[in-house]
Structures are given as C-alpha cells and as structure tokens.
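Please look over the sequence and the model shown here before reading on. The report below takes up a cavity, a helix crossing and some strand pairings in turn.

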Amino acid sequence: MKKFIQKIKEFFSNEVKDEEKGIQANKYGFINNFSYAVKTSWKYNKMYIIAVIVSSIAMSLFELVGVVIPKVVLGLVETGVNTKVMVAVVLIIGVFSVLISFAKEKSRIVMEYGFDKVQYRLMGNYLRKVFFTDFKNMENPDFLDLTERARKATYYGRGFQGYCNNVQWVLNALTLSVVSGITILFIHPLLVLALGILSYLSYRFFENTMQWNKIHYDNAMAGNWRKHEYLSQSTRDFGYAKDIRLFGMTHWIQRLWEDINTVFLKRCKMRHNQWTLCEVKISLLNLIQNGILYVVLIYLVLHKNLSISNFVLYLGMVATFSAAMTDLFSNLVWMHMNQLRMDDYRTFMDWEEEQPDAEKDEGTIEDISLERYEFTFENVSFHYPGHQEDVLKNINLTIKAGMKLAVVGINGAGKTTLTKLLMRLYEPTKGRILLNGVDIKKFNRSKYYEIFAPVFQNVEIFAFPIWENVSMRERERTDMKLVEQAISRSGLDEKISKYEKGMETQLLRIFDSKGIDLSGGERQRLAMAKALYQNRSVIVLDEPTAALDALAEDHMYQEFNKMVEGKTSIFISHRLSSTRFCDQIVMFEGGEIIEQGTHDELIEKNGAYAYMYQVQAQYYLEESQKKDEKDLQRGEVEYV
C-alpha cells in the first residue's frame, strides 16, 4: 500500500532532482528575461517585434472567426433570411477571413526573416565573448560546457528565438482564452473553473517534464556533445588522417563513438520515457475535460432548449478555451524552458573576466611605446585552475632589454608556462612580473599583447591566401612589400615562387580545391614570417624548430639570430642547439630554475645542462658526419 501511495505521489509530483554538474546558470527570472528579449530584439530589428504583435492578433482573430462563422450561418438559417442576405454575409466574412489570413502569413514571414538579423547579432556577441574571454577559461572543461550550452541557445527555434516565438503563442492563447472564457460564462461559471483547473494540471505535468529535460538531457549532455564535436572534427581533419590509418586507430575511434553514443542513447531513452509518461497524464486529463464538456452541452440541448447555432458556438468556444488554455500553459512551459537556455546564454555573456582594478591603477596604462623592454619575475609561482600543485615555483628571473634568453629543460619542466605568464595569458598565482619596473597588471592587456611576436610549436594555418596568413589583416591594411621581405627572411620565398599564384596561393582545400598545404617545417617558417611582419619588440619562440631535423634546426637558429638582432628574445626549447648564440641560459626542472648562466659558464659548471648538451651534441655530430659523407660521395661521382 505504501509503495502504491508513493507511486501516486511520484505521478503527480513536480519535484526534479538537479543532477547538473559544472557551472550553474544564473536565474534571471521571467520578467527580466522578457524585458531582455524585447529590448534586444527592438535594438537589432524593430520590425521583428511589430511582426510578433501583429501575428498574435491576426492568429487570434483568424481562430475566433472560424468559431463564429458556423454560428452565424446556422443563425441565418434558423431565422429564415433570404439567400441574398446570407450570401452577402458569407462574402463579407470570407473577405475578412482572407485579409486576416494574409496579415497572419505576412507577419509570420517578417518574423521568420526578421529574426535572422537578431540571431546574427546574438551569435556575433557570442563569438566576440569567446575570442576575448580569459585564456584560462578555454582550458576549463566546465566553462567549455557552459560555452556549448550558450551556443545552442542561439540556434533557430531554441533559446532566444524560441522564447520570442513562445511570447507570440502566449499572447494568442491568452486572447483566445479571455474571449472564449467570457462566452462560456454564459453557460455556467463553474465550467470555466473546471476547464481551467484541468488545463493547469496539464501545464504542471508538462512543466515538470520540460524541467527534467533541461536538467537531465540538455545540461547533462553538454559535455558529451562537446566530445562528439571534437571527435567529429578530428576525424574529418586531413591532418589526422595519416595517424588514423598508419596506427590502425579506426577500431579505437569507433569504440569512442560507441561510448559517446551509448551515453546519448541512454539519455534519449530516459527522455522518451519521461515524455511518454507526460503524454499519458495529459491524455487522461483531456479525456476528463471532453467528457465534462459534452455532458454539459448535451444537457443544455435536451433540458434548456439550447439552439443548434448556440450549441455549435458554445461547442466551438469551449473547444477553443480548452485548447487555448492548454496552449497557454504549454507555451509558458516552453517559455520557461527557453528561458533556462537564455539563462545559459546570458550567464556566458555576463561572465566576469579578470578585470583590472582601477583603484590599484591596474590596466590603465595604454601607451607602452618603450625604448627598452626589460622583464623581471619576482617570486613567481603558478598552478593551473583546478589544480593544487605549482608548475612554477618561486621563479626569480630578469630578462634584460635586447637579451637573447634560452629557456631549456625536458618536456613538462615549466618552460611554456613561463611564456604564458610573460605574455599575460595567465596571471601568477603568487609573486609578480615587472616590465621596466612596472607590474604588468598595470598595462592595458590588449596593448600589452602588441609587444609580443610569438612563434609556437603547434602552428595553425588558416584557409586564407599565403600573404594573409602572414599579415593577418585585410588587403587594404597589408603592406605587401613587408610580406615579401618577411617570407624571404623566413626562407619560404623559394618554395612560394614555384606556385602559379605565388603569395595569392590559397592554403588548405577548404575554400579552394587547388589549395595547398605546408609541411611541419614550412608551417613553422610561415609562423616566423608572421612574427617578422609584425615587427614587434619582443620575440618569443616556443619550440619553433620541433618539426625540423637537427641540421636544419641548427641552420634555422642561425637565421633566428640574425632576425632578432637588437630585440628582446626568448627561445624555449628542450633541445640545446639554440643556446650557443644566446646571451643567457636558464635551465628548468620540476618548475624551478636549477641552473643559470652563459653557455660556456654552464658547460664549465659540468652540471645538468652540460650533461644534456653533451648527449645532444653527440647526436648532432653523428648527423653532421653522415651529411659530410654523403656530400663527399656526391662530389666523387661528379668528378668521375
């Protein structure tokens, strides 16, 4: 018996247990979201709001005319009017119906296309937020899940647009409910009350299911969708194709797909069961509602002399009231559902970045046109968000103006993290970094970024022409002569000169079937050309020769030495071929500086640096000997 009672309670319960993990969206509320939707839509496209209002009125009139026409026609028949009058009335009603139908359809089209402008602006705002959010957020899975949820809120028919469409249907349903409800009052006030209560119960069942869907499907699936998107993009990327084939990754990838789809199918089954149960509940209520309706109307016909025309009118009005109330409540639920999606979007857009503190004079210096750039790390420690262990520990380091600094160490020693802090992609957990004696937090972040010309190990190229991948600007803002000089200095000019279109050659085949790709080493040369074109004051080279062989790497570093002459330069590498021409070398291990000095000083010290250099030097020597032997053999053949 207790179990039966519990099942009954669960059947009528609206409680939803929140299993959502990660970042919770702010709850802006109905009125706040409604105001936001209207103001935003009005700001970006006034005609869209006007179309919503006109469409709501036209839909209401169209449905009411459809209910009234049978009453009028039957009334004319009952009163025995002549044919001409009846035809005239029918024609008038028909013309009126056509005009309303035209207004309804026209406003619908204006709404459909009018929202495009609003949607583009919303997506534009979203993308700008993605581009400029703190770099650390893009390595935070919870924030990335929120980003995915916010993106889905900009989809057609969901989130913002869904909310606005729901407003239209709510206005329509509200109008129909009021008009038909007043008509039904003439039958009996209790009938309105009974139908209203039953419609409200349907609404509660529907709302409960929608809340469940948002929490246990939409939100719970955000991380899974992100994995799906990543795997989908990776398997379509030609850059991954060689690994997938050569390493026989097909079955492994299929297993990953199966894992993702298993989660998806499990959630789909749960959602299907919830909606099926909801439909059963609502169907039972509709059965009760229709039963009450027909019993009352048949009673009135049999015992209260209700005319056929009025019977048809009341039947239509009761059906309209019932449907309108159901639509009203169901659209209120959909509004709530889309309101939750809007909450995701607005939470993402309102996400507070690490803003500078004006009272501490942070971020207020915009003019960073300095004659010299000297950086000082004072007791700097850092750990990544969500982690407790420091990857950099109490770093004290001075990078003097014009210095060529080599930062060396094995992978994972903290070298790249040092550059992220230097370029303010992250802020130190402890300590501070100074530029010419001024805390770098006091500089405007965007202006501070303009100091650096970085070349990273993983070079991404864009599906643009070669020159645009160098300048990263529109043609009218690009100095093509400087592009040519940068390409020449990077050593790519000979390669590019072989292409029919030269610098106009499109990279990748995404937009151009004749597009070309570059090897790993060529990509790094292109990245160097980009850095040279920018002609910025501080050069940061993070493993820029990882795709080159030892001898090509040595040659490239000799070129780097010429390219960065007079500039403050930081070379990050776990290879030591970059160290000989540098003014200072710091060696990292476990997030700490274990050795520091010139190449000769560290060799003389005979510590960790000297050991690593000797091991790698042997490799370079062997490569050099092999090359000399090949050159000698080639010369002998030519002599013969």
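## The largest cavity

What volume does the largest cavity have? The largest cavity has a volume of about 30 Å³, a volume being the space filled by probe spheres set on grid points that are joined across faces, edges and corners. A cavity is a set of points on a 1 Å grid over the protein atoms alone where a 1.4 Å probe fits but cannot get out, and lining residues have an atom within 4 Å of a point.

This is a predicted model, in which local features need pLDDT of at least 70 and side-chain atom pairs count only at pLDDT 80 or more, while totals for chains, interfaces and linings use all residues. Residues are numbered from 1 along each chain as its sequence is written, and side-chain values use heavy atoms, with hydrogens and water left out.

The lining is formed by V459, E460, I461, N469, R523, L526, A527 and K530, and helix 17 (residues 520-534) gives the most to it, with four residues. Helices (H or I, at least four residues) and strands (E, at least two) are DSSP runs, numbered from the N terminus.

## Helix 4 and helix 6

The axes of helix 4 (residues 83-132) and helix 6 (residues 159-185) come within 10 Å and cross at roughly 145°, where axes are lines fitted to C-alpha atoms over the stretch in contact and angles run from 0 to 180 degrees between N-to-C directions. M111, F115, V118 and L122 of helix 4 make the contact with F160, Q161, N165 and Q168 of helix 6, contact meaning heavy atoms within 4.5 Å.

## Strand pairings

Strand 1 (residues 375-382) and strand 4 (residues 430-435) run antiparallel and are joined by five bridges, with pairing requiring at least two bridges found by DSSP. In this pairing, F377 stands opposite I433 of strand 4.

How values were computed. On a 1 Å grid over the protein atoms alone, a cavity is a set of points where a 1.4 Å probe fits but cannot get out, and a pocket is an open set with protein on both sides within 12 Å along at least five of seven lines; lining residues have an atom within 4 Å of a point.
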